[in-house]
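The points below are intended to be read beside the model.

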Amino acid sequence: MAQGGSIVPFAGWRRTRLLGESPLRQALRSVGDRVVRLAEDVVGQDLDARIAGIKTHLNEVGHDPFGFDPETSRYALAMAALLHRRYFRTQVFGINRVPQGRVLIVANHSGQLPLDAVMIGSAMMLDADPPRFPRSMVETWTAELPFISTLYPRLGQVVGSPENARRLLQQEESLIVFPEGARGISKTFDQRYQLTDFGLGFVRLALETGTPIVPVAVIGGEEQYPSIADFKPLARLLNMPAFPVMPQLFFGMIAPLPTKYRLYFGEPFRFSGDPDDDDSAIEEKVWLVKSTIQSMVNRGLRERKGVFI
Amino acid sequence: MPNPQITSRRKPSARRGREPVRERPSARAPVARGVFGHVTESPKPLEPVQQPQPITQEFPKPATEGAVLVTGVCGRLGKLLARELHRTDQVVGVDRRPFDDRPKDIVHHQVDMRRKKMKDIFRGRNIRAVVHLGVLHDPRRSDRERHSWNIVAFQKLLDYMSQYQVPKLVVLSGANVYGPQPNNPQFLTEDAPLLGAQHFGGMRDLVELDMLAQSFFWKHPDTETVVLRPCHIVGRVHNAASNYLRLERPVMVMGFDPMMQVVHEKDVVRAIQLALRPGVRGIYNIRGPGEMPLSHLIRQVGGRPRQVPTPLAKVALDQLWKLRLSTFPSQELDHLRYVCMVDDSRARTELGYEPAHSIDRVLEDVRRLRHQLS
């Protein structure tokens, strides 16, 4: 496939044309820079300084071993900041409770699209001081999707596996975990703010690595894409965890509804015990975390005046 | 597989270069008897030792004396290793190819590893270690040929080793035996399953070779078996990874940009030298000077990636393969899509291995050969 040049017609022409950065890339970069400047004006914070302030563990050649790329992340942070401050007008309570060093952030999952993870992440980046860069664990099958599989690692997302989680926590990073998983995010509207079953893995992980668990209640996510039903046969056909039927799409509203997000960070749990304990012993600790999140959710719902204000 | 400490002590009388001593019934014993046609009673009375070696507590086998047998010595890596080793050790090379420009003190046998002549090499001299580099990676060769080279020949080699009680075996496997998978953890440890052949049948014999070495590790505790699994070896070698990086416009799968590890060939040679020290046994992943996205790697070498969608790349590569215009089978595209990186912490702590060549130096060597070729 290596082309010598002399035999191939127009080879030299192609070389001169492609030597620099491609025009598409240049255009994308200029648009991205504009978005970052706009976001900085709106938010009133220096986003680049925020990204520069996070602690990453670079390897010998100056790359993050998990593929985090600050260049791509600044565009994503700009978009997230606009969503966080303007679109969802997120209110954050108790972010100072997140301890330094390794931490597991455990939250309720909702809203068909994982915008709750985006909101928690942007809260950690914009509202915490010093800024924290949380990683989240994504589904394995996203690694098989083109473009997504490139984008996610560049934004610091990691394919969900216990080995990866352990390694990140040992590097003193923070991890966002949704123990409800796909069950939680694809709830229909009648089950809103009712926590489904939690997995046990996160407590075992915390016990193994001595990591504090910070419970987080996310209010406002359930109303962004109200789903009236789960079309299971189609979901099975498409190999998706669920196929939600969302009425707003029939009216041409692709964007989520501009609900008001509220994030409540609770006091961290510090468990001790054997990570390989019986399920019943682990379940007790999981139940403690789950009931704390549920009561925080209930309190948040009581306190809010309306969905959009 | 855990890395057990040395528990067994080899009898000092069991020297190489004389009649094979079979002290212990092994799972391989009946096979060996059938193949080589001689039966030795066990237990056999031990012969007196001519030169008793001082035995220390830490290293039960002070195997400093005797030659190092290097199979596949005429490959680029084999030559490098031979040139490094012959300064301190006696080196015996075995390869089908001639080794013309070898240093004078290297003994080279131009034989096929499957031939009986191999046994004479073991019988003729005192061999203290075997480094197995003679692995056929060429995907163009037929399955049968690859099997007979990589498995049958290796099995025979292992038989001779157990017969003549060679105290050290170093096998160069590769991180490819883990296989690139979408659900791989970012860093694979030595305990990870070997799934390399799951989607690419061509890898089957390389996985099997690794397994054979592992079973030899357990069956023959007298022999210190070391399996090295380096990530992509690049430099002046002619393997798939180096050839790919040397391309002017290498194909990348559109929408995929996995993290990649490369290691310099000389670092691998040093790892083999470290593995040859007495007392070292087990499986070690070998990693280079750090990982970076594939696109960065290609740009640093000076190539310009050509983005091709997966289905198109598959069809095109299949056609090119059929027409013998490409040396990359389409199943290897998985390497350009999914991560297959290794964790070398065990090699660092137990082997004392540390990559000495920086990424710039590694890529410089790749680039230099490209310019020489063009």
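1. In chain A, β1(A) and β9(A) run parallel and are joined by 3 bridges. Within this pairing, A:Gln91 has A:Arg262 of β9(A) as its bridge partner. Strands here are DSSP runs of E of at least two residues, and helices are runs of H or I of at least four residues, both numbered from the N terminus; two strands pair if DSSP finds at least two bridges between them.

2. The model is predicted: local features need pLDDT of at least 70, side-chain atom pairs count only at pLDDT 80 or more, and totals for chains, interfaces and linings use all residues. Residues are numbered from 1 along each chain as its sequence is written, chains are lettered from A and ligands numbered from 1 in the order in which they are written, and side-chain values use heavy atoms, with hydrogens and water left out.

3. β9(A) also pairs with strand β6 (residues 213-219) of chain A, in the antiparallel sense and over 4 bridges. In this pairing A:Val218 stands opposite A:Leu263.

4. In a regular strand the side chains alternate between the two faces of the sheet. Both faces of β9(A) are covered: A:Arg262 and A:Tyr264 are buried on one side, as are A:Leu263 and A:Phe265 on the other. Buried means under 20% relative accessible area, exposed over 50%, and partly exposed in between (1.4 Å probe, protein chains only).

5. Over all chains the structure holds 12 aromatic pairs. Rings of Phe, Tyr and Trp (its six-membered ring) pair if their centres lie within 6.5 Å; planes under 30 degrees apart count as stacked, over 60 as edge-to-face and the rest as tilted. One of the pairs is A:Phe93 with A:Tyr264, stacked at 4.6 Å centre to centre with 10 degrees between the planes. A:Phe93 lies in strand β1 (residues 91-93) and A:Tyr264 in strand β9 (residues 262-265), 171 residues apart. A:Phe93 has 31% relative accessibility and therefore counts as partly exposed, whereas A:Tyr264 is buried at 6%.

6. In chain B, the planes of B:Phe256 and B:Tyr338 stand at 90 degrees with ring centres 6.2 Å apart, so this pair is edge-to-face. The two residues are 82 residues apart, B:Phe256 in the loop between β8 (251-253) and β9 (259-264), B:Tyr338 in the loop between α9 (310-322) and α10 (345-351). B:Phe256 is buried at 2%, and B:Tyr338 counts as buried at 9%.

7. The charged end of B:Arg337 sits over the ring of B:Phe256, 5.1 Å from its centre. The criterion is NZ of Lys or CZ of Arg within 6 Å of the ring centre and within 35 degrees of the ring normal.
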